Amino acid sequence: MSYLILYHLLTKILLGIIWCVVVQSKSLMFQPLDCADIYNDRSWGSGVYLIYPAGPTSGRYVYCDMQTDGGKWTVFQRRTDGTLNFYRGWEQYKNGFGHAAGEYWLGLETIHLLILKKNYELRVDMEDFDGKKLYAKYKSFGISPMAVNAELDGYRLHVDGFEDGGAGDSLSYHNGSKFSTYDKDQDMYEGNCAVSYVGAHWYNSCYWSNPNGLYTWGADSQFGLNWRSWKAFVSVKSFSMMIRPVNLI
């Protein structure tokens, strides 16, 4: 009888080990490119997740919005309360900064790597200090999609197919523009838009939107977190830019 009990005990232990190995192997094999992959793997809650835009060593934490407009959104820019300084130089905008659980910028290079794998749409969400929430949506979004070297191309913005969610269109003016920071001036203005308006953006000459401008707590300021087609130069309270693959299954 004791041998039979020992046999069953060892069998359970062995099956447990096999199960753990299988689960761990599956976990190691699952390397989601974006939040849509995570959603499709039956993770439906909004929050911070790990994605792999360029293979197993490229893991980056992002905030996934799994509720808005059907979910599956990978957030690459997030402003909520002014706790993080967004007036930063080229290298930080290239590589990213902040924390996905709060305010952050994912990084131009990471965003570019994502759009090389899939076709994406863009949604820009914002809220004012009265609690009113509006958005703008673009059916096509890319960053230097055809460039051999995206950085040399200036991480050039491509947006098309505007859909109005009440906020109006303050991004199409920037279509085709290179990204500029205070230490890398690539705009069409005779000066430096990033310096003049204390931000970093795909400035043209200079802007209709300033998503990385100063957080001015609703003040009327040209330096603020502005979306001019809605609030002119009155800074909004929160702002996010997020992408989702088109032709979702």
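Student: What is lysine 118 in contact with, leaving aside its neighbours within four places in sequence?

Tutor: In this predicted model, lysine 118 touches Leu33, Asp34, Asp37 and Pro245 once those neighbours are set aside. Each of these counts as a contact because heavy atoms of the pair lie within 4.5 Å.

Student: How far apart are lysine 118 and leucine 33 in sequence and in space?

Tutor: They are separated by 85 residues along the sequence, and their C-alpha atoms are 9.5 Å apart.

Student: Why is lysine 118 called partly exposed?

Tutor: Its relative accessible area is 22%. Buried requires under 20% and exposed over 50%, so lysine 118 at 22% falls in between and is partly exposed.

Student: What share of the protein counts as buried?

Tutor: Of its 249 residues, 46% do. The accessible surface comes to about 12400 Å², with 56% of that belonging to carbon and sulfur atoms.

Student: What makes a set of residues the largest nonpolar core here, and which of them have the most contacts inside it?

Tutor: Members of a nonpolar core must be buried residues of the listed nonpolar types, joined through side-chain atoms within 4.5 Å. The largest such set has 50 residues, and Phe76, Trp105, Leu108, Leu122, Phe141, Trp202 and Trp227 have the most contacts inside it. Strand β7 supplies the largest share of this core, five residues.

Student: Which other core lies apart from it?

Tutor: One of six residues, including Cys193, Ala194, Tyr203 and Tyr207.

Student: What does leucine 108 touch, not counting residues up to four places away in sequence?

Tutor: Leucine 108 touches Trp90, Tyr93, Lys94, Ile143, Tyr155, Phe179 and Trp202.

Student: Which residues lie nearest the centre of the largest pocket?

Tutor: Asp125, Glu127, Lys133, Ser238 and Ser240, out of 18 lining residues. Two or more lining residues come from each of β2 (60-65), β3 (73-79), β6 (120-127), β7 (133-143) and β11 (238-245). The pocket has a volume of about 390 Å³.

Student: How do you know what classes of residue line the largest pocket?

Tutor: A lining residue has an atom within 4 Å of a pocket point, and Asp, Glu, Lys and Arg count as charged. Asp125, Glu127 and Lys133, named among those nearest the centre, are therefore charged. Over the whole lining there are seven charged, seven nonpolar and four polar residues.

Conventions. Residues are numbered from 1 along each chain as its sequence is written. This is a predicted model: local features need pLDDT of at least 70, side-chain atom pairs count only at pLDDT 80 or more; totals for chains, interfaces and linings use all residues. Side-chain values use heavy atoms; hydrogens and water are left out. On a 1 Å grid over the protein atoms alone, a cavity is a set of points where a 1.4 Å probe fits but cannot get out, and a pocket is an open set with protein on both sides within 12 Å along at least five of seven lines; lining residues have an atom within 4 Å of a point. Grid points are joined across faces, edges and corners, and a volume is the space filled by probe spheres set on the points. Helices (H or I, at least four residues) and strands (E, at least two) are DSSP runs, numbered from the N terminus. Buried means under 20% relative accessible area, exposed over 50%, partly exposed in between (1.4 Å probe, protein chains only). Accessible areas come from the Shrake-Rupley method with a 1.4 Å probe; for residues, only the protein chains shown count as cover.
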